[in-house]
Amino acid sequence: KDGYTGQWSSYEFGVKTQFVYAEYDVIEYNVSLDSDGGSVSSHESIYTIESDTMLPIPVKRGYYFKGWCDSNNNIYETLAGVTGDIELKAKWDPITYYASFMDGEVLVSKIPFTYGSSIAIPDVPSKRGYNSSWDDFTLSDSDITINARHVPIQYEIKYELNGGINDSNNPSTYNVESSIVL
């Protein structure tokens, strides 16, 4: 009988009819779990064919847990009915996140990424009279929106007064957003 050791009950030959019964003891097996970079709660390392405890569900930042796999990629949720020592490894699928690059209300680019990866950053839309860049960002384990930043370029005003005196209230710089009267 799988998962058990057995022996016949003791008996003596005699004159009357004897009944002999098989006596079984459950076999204990070892289970080894490799979380493959994830973390797993404490779990039993011994099981039997009668064990019906669910295997623990590990966690790994940026990944979906697919199941515990043996060397043949068979997936296990429980070890009920399983015999023999077994080594299982967590199977993971990366979660896809999105980096949305926005210029005001306009979506410039939406780029998929996974945790720990990098992306090609799109060109920032230019705006006349402005220095343009993307806001600083760090990819993590969630969707992210990155906004274009447009900072007005400051231009210096040089007054040629032909010997006159410049009024101290006259501006020394301007930009495309300035409303000055010269």
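**Salt bridges, core and surface patches**

Arg 149 forms a salt bridge with Asp 135, the closest N and O atoms being 3.5 Å apart, where a salt bridge is a side-chain nitrogen of Lys or Arg within 4 Å of a carboxyl oxygen of Asp or Glu. This pair links distant parts of the chain, with Arg 149 in strand S11 and Asp 135 in the loop between S10 and S11, 14 residues apart; strands (E, at least two residues) are DSSP runs, numbered from the N terminus. The model is predicted, so that local features need pLDDT of at least 70 and side-chain atom pairs count only at pLDDT 80 or more, whereas totals for chains, interfaces and linings use all residues. Residues are numbered from 1 along each chain as its sequence is written, and side-chain values use heavy atoms, with hydrogens and water left out.

A search of the whole structure finds three salt bridges. In another of these, Arg 61 pairs with Asp 141, the closest N and O atoms lying 3.0 Å apart; Arg 61 is in the loop between strand S4 (46-47) and strand S5 (63-69), and Asp 141 is in the loop between strand S10 (130-134) and strand S11 (144-152), 80 residues apart. Lys 66 forms a salt bridge with Asp 93, with a closest N to O distance of 3.6 Å, and because Lys 66 lies in strand S5 and Asp 93 in strand S7, the pair ties together parts that are 27 residues apart in sequence. Lys 66 is partly exposed, at 44% relative accessibility (buried means under 20% relative accessible area, exposed over 50%, and partly exposed in between, with a 1.4 Å probe and protein chains only).

The largest nonpolar core has 13 residues, and those with the most contacts inside it are Val 31, Tyr 47, Tyr 76, Leu 79, Ile 86 and Leu 88; such a core is a set of buried Ala, Val, Leu, Ile, Met, Phe, Trp, Tyr and Cys residues joined through side-chain atoms within 4.5 Å. Its largest share, four residues, comes from S7.

On the surface, Asp 34, Asp 36, Asp 85 and Glu 87 gather in a patch of negative charge, patches being made of residues with over 30% relative accessible area and no salt bridge, with like charges joined within 9 Å and nonpolar side chains (Val, Leu, Ile, Met, Phe, Trp, Tyr) within 5 Å. Glu 87 lies in strand S7 (residues 86-94) and is exposed, at 64% relative accessibility. A nonpolar surface patch of about 330 Å² is made by Tyr 155, Tyr 174, Val 176 and Ile 180.

Terms used:
Areas by Shrake-Rupley, 256 points an atom, 1.4 Å probe, with all protein chains shown as cover. Lys, Arg positive; Asp, Glu negative; His and termini not counted. Charge placed at Lys NZ, Arg CZ, Asp CG, Glu CD.
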